Amino acid sequence: MEQQIRVLLTEDDKNLGTILKAYLEAKGFPTVLCTDGQEGLERFKREDFQFCILDVMMPVMDGFALAAEIRKLDQKVPLLFLTAKTLQDDKLQGFELGADDYLTKPFSMEELLMRMKAILRRSAEDTVRPTHFELGDFTFDYNRQLLMKGNDESKLTSKEAELLRLLCENMNKVLDRSVALNKIWFDDSYFNARSMDVYITKLRKYFKNDPKIELMNVHGVGFKLVVND
């Protein structure tokens, strides 16, 4: 499997980029290194990549802008941000753009590899999980990241779609917080728990006018998506 995963790596620190490229290729991931976001975008348009590692602070086009352009071209390719930024708003912005994970510098090569493999395992699992759900008067299409009710459509972010699918798979049952955090954010840290609460609030707003649907907090345990016929 790993031999087929081709990586786009954008990193403006040439020394770090060269080291990362050599490490990834030694681990079986053919890697293309670009030193600015615009170069990365042009390579992504011309070539086939199955994984993107994007530095946030880059010249010409930063990692957030590059991620937004990549998501216009491909909704599913995994994105992992590398950054020195640690502010919560920066991380939330990355997740809003469809990031699968966020690694703060400095980091170990082993942690990067572990996070990549976790993302790839989840991507492989996605191929056998359901992608279409009926919730009261709503239809949720995970692949298109669309929540539809009649002629109204709401485009979800990647994290909203992932969280809603997990809730749908556990419809009318309690979804444990730690299970959701580990499946979507890959760890159940305090920051990730706060981030998930933000997405729960966003999902709740989509259903606020439908009395058949309730997204409940189960204190100390997790969440429960209740759908009444």
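The model is predicted: local features need pLDDT of at least 70, side-chain atom pairs count only at pLDDT 80 or more, and totals for chains, interfaces and linings use all residues. Residues are numbered from 1 along each chain as its sequence is written, and side-chain values use heavy atoms, without hydrogens and water.

Start with the sheet. Five strands form an open sheet in the order S2-S1-S3-S4-S5, with parallel pairing. Strands (E, at least two residues) and helices (H or I, at least four) are DSSP runs, numbered from the N terminus. Two strands pair if DSSP finds at least two bridges between them. The edges are S2 (31–34) and S5 (101–104), each pairing on one side only. From one strand to the next, the twist averages 15 degrees. Strands S3 (residues 51–55) and S4 (residues 79–83) run parallel, joined by four bridges.

Now the helices. The axes of H6 (residues 158–169) and H8 (residues 190–206) come within 10 Å and cross at roughly 75 degrees. Axes are lines fitted to C-alpha atoms, for helices over the stretch in contact, and angles run from 0 to 180 degrees between N-to-C directions. H6 and H8 are therefore roughly perpendicular (65 to 115 degrees). Among the residues that meet are Leu163 and Leu167 in H6 and Ile200 and Leu203 in H8; contact means heavy atoms within 4.5 Å.

Leaving aside neighbours within four places in sequence, threonine 139 contacts His132, Phe133, Glu134, Leu146, Leu147 and Met148.

Conventions: Angles under 35 degrees count as roughly parallel, over 145 as roughly antiparallel, 65 to 115 as roughly perpendicular and the rest as oblique.
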